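Here are my notes after going through the model you sent. Have a look at it first, then read on.

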Amino acid sequence: MKKSNVVQPYDLESINIKNWVTKSNILIESTYKLSLQEQRILLIMASKVQPNDETLKTYRFRAKDFIEIVGNKKGTGFYSYLKEIVNGLQTKILTIKEKGRQRNYNWVITSIYEENEGYITLQFHPSLKYLFLELKEKFTSYQLENVVRLNSVYSIRIYELLKQYERLRKRELTLEELRHFLAIEPTKYKQYGHFKSKVLAVAQKEINNKTDIHFEFVEIKTGRKVTSIEFIITSSSKETKLKSTQSSLDLLDNEKENGLYHDLVSLGVKPEKIEWVLSEFAKEQVERNVKYTQGRLVIGDITHPHSYVIKAIQKDYAKVSQESKVATPKKSTRKELVPDFMIEAEDKGKALENLTLKEKQELFYEENGNQIEFEKRLLQFQELRKMLVLNSEEPNQEELKKAQEAAVQEVLRNMNEDLRKREEIGLKPRLINDFENKELREIYRTFLHKQV
């Protein structure tokens, strides 16, 4: 009998949902529209890519194993259905926009069907290599099991967008950005209520129950309209969750550091940047450069405090300025140095006396944000405090009450800090009717009554 010369070109791949998927953040934040089954196929393929691979390999799977993960359609043979999905996938386009240039790629370049043998062979388009391999920075990793059981395409995409920010614990996206990432057509879920129930609520339930992260979200309004979503992200693993909770509690309970956080927020620095600054630089260095920036802001020396304060902290402008003043004769009046009278609180008060009420109000808004931004911060801190107090997945009524009380106290503490800042520069307290949010309005009413 003549020996067969047929050689199988590719090894047979097993599917292990414990495998890791690693993607460039460019890919995670790109826009593409795929069915749930197409998403699952790509995720299985991505889980086979290894960090030490030099190219995107060709993978050969047993069709029966594949369909067990992807799912089948009633009344259809699993092999025919799989073939139908892959044929559709080969026509789908991935659009990547970078540095003013738009590139379009096919996801899959090779698909071989061995119907008699029951195998299917697939290969990513080689041009996608930089999105999966040789990733040294700006990438996100997670285990396949976290996404392959999700039953909504939106849940998968939202999981990836939040997993990307898991370490920062927060991510804010405008509704426009979120709809763009999820490839939702302008005519679909036009009303926010529909979008919330069909996309956000579904994703929240699935992700919280089936993955390694947990999220809550806060609606951010412009006027009466919800325009952005603030996601608060925690890890579902006990060890990471404990570290995350302790870190956030330290931030809230340490008055000096919490003051720094508020000062940086008032200068317009984004939360993720604040967390980076507080973790990378010594507290004393951050503190002195925040004060330095505030001083320069009062005398009108800077116009973009949010970016200036970051540079000041990185280069330690405050220390350089102090050293320069020691080395420079007193008669020197170099413009870039903050005068001594601006650093001392008493002399700073004298400078503020020369401002009109309108100028003081404008200065306060520049440092602390307008009413909408103030309410947004209050809601964020309220939600974060409530979440940190709730330790159990299914809290009882007593635990819920305790969390609610802690959240209200956090809001009151911030309102008190706001009132103190307003009084320092001679502004009257906010009016009750200034508050758009009903709950905050009632808390503020109680707060003012206690002040009286």
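The numbered points below go from the overall fold to single residues.

1. Ground rules. This is a predicted model, in which local features need pLDDT of at least 70 and side-chain atom pairs count only at pLDDT 80 or more, while totals for chains, interfaces and linings use all residues. Residues are numbered from 1 along each chain as its sequence is written, and side-chain values use heavy atoms, with hydrogens and water left out.

2. Overall make-up. The protein has 21 helices and 11 strands; these are DSSP runs numbered from the N terminus, H or I of at least four residues for helices and E of at least two for strands. Of the 452 residues, 45% are buried (buried means under 20% relative accessible area, exposed over 50%, partly exposed in between, with a 1.4 Å probe and protein chains only). Take the contacts (heavy atoms within 4.5 Å) between residues at least 6 apart in sequence: 66% of them join residues at least 24 apart.

3. A nonpolar core here is a set of buried Ala, Val, Leu, Ile, Met, Phe, Trp, Tyr and Cys residues joined through side-chain atoms within 4.5 Å. The largest one has 72 residues, and Ile41, Trp107, Phe124 and Phe231 have the most contacts inside it. Helix α2 (residues 36-48) supplies the largest share, seven residues. Which residues does phenylalanine 124 touch, leaving aside its neighbours within four places in sequence? The list is Leu42, Met45, Ala46, Val49, Leu56, Trp107, Ile109 and Phe132.

4. The other core. There is also a second, separate core of 21 residues, with Ile274, Val286, Val290 and Val309 among them.

5. The α20/α21 pair. Two packed helices are described by the angle between their axes and the distance between the axes. For α20 (residues 397-424) and α21 (residues 438-451), the axes come within 10 Å and cross at roughly 60°. Axes are lines fitted to C-alpha atoms, for helices over the stretch in contact, and angles run from 0 to 180 degrees between N-to-C directions. On the α20 side the contact is made by Gln404, Val408, Val411, Leu412, Met415, Asn416 and Leu419, and on the α21 side by Glu439, Leu440, Ile443, Tyr444, Phe447 and Gln451. By class that is nine nonpolar, three polar and one charged residues (Ala, Val, Leu, Ile, Met, Phe, Trp, Tyr, Cys and Pro count as nonpolar, Asp, Glu, Lys and Arg as charged, and the others, Gly among them, as polar).

6. Threonine 446. This residue also lies in helix α21. Threonine 446 counts as partly exposed because its relative accessible area is 40%. Its C-alpha is 9.2 Å from that of leucine 412, 34 residues away along the chain.

7. Two positive phi values. Most residues other than glycine have a negative phi. Arginine 169, not a glycine, has a positive phi of about 70°; it is found in the loop between α7 (153-163) and β9 (170-174) and counts as buried, at 15% relative accessibility. Alanine 183 has a positive phi too, about 55°. Alanine 183 is in the loop between α8 (175-181) and α9 (192-210), and its 14% relative accessibility makes it buried.

8. Asparagine 16 lies in the loop between β1 (12-13) and β2 (20-24) and is partly exposed, at 36%. A polar atom of its side chain lies 2.9 Å from the backbone nitrogen of lysine 18. Leucine 144 is 128 residues from asparagine 16 in sequence but 8.0 Å away in space, C-alpha to C-alpha. Is asparagine 25 buried or exposed? Asparagine 25, in helix α1 (residues 25-28), counts as buried because its relative accessibility is 15%. Beyond its neighbours within four places in sequence, asparagine 25 is in contact with Lys138, Phe139, Thr140 and Gln164.

9. Threonine 303. Look for this one in the loop between α13 (283-298) and α14 (305-315). Threonine 303 counts as exposed because its relative accessibility is 67%.

Methods
Polar contact = N/O pair within 3.5 Å; in protein donor to acceptor, adjacent residues only side chain to side chain.
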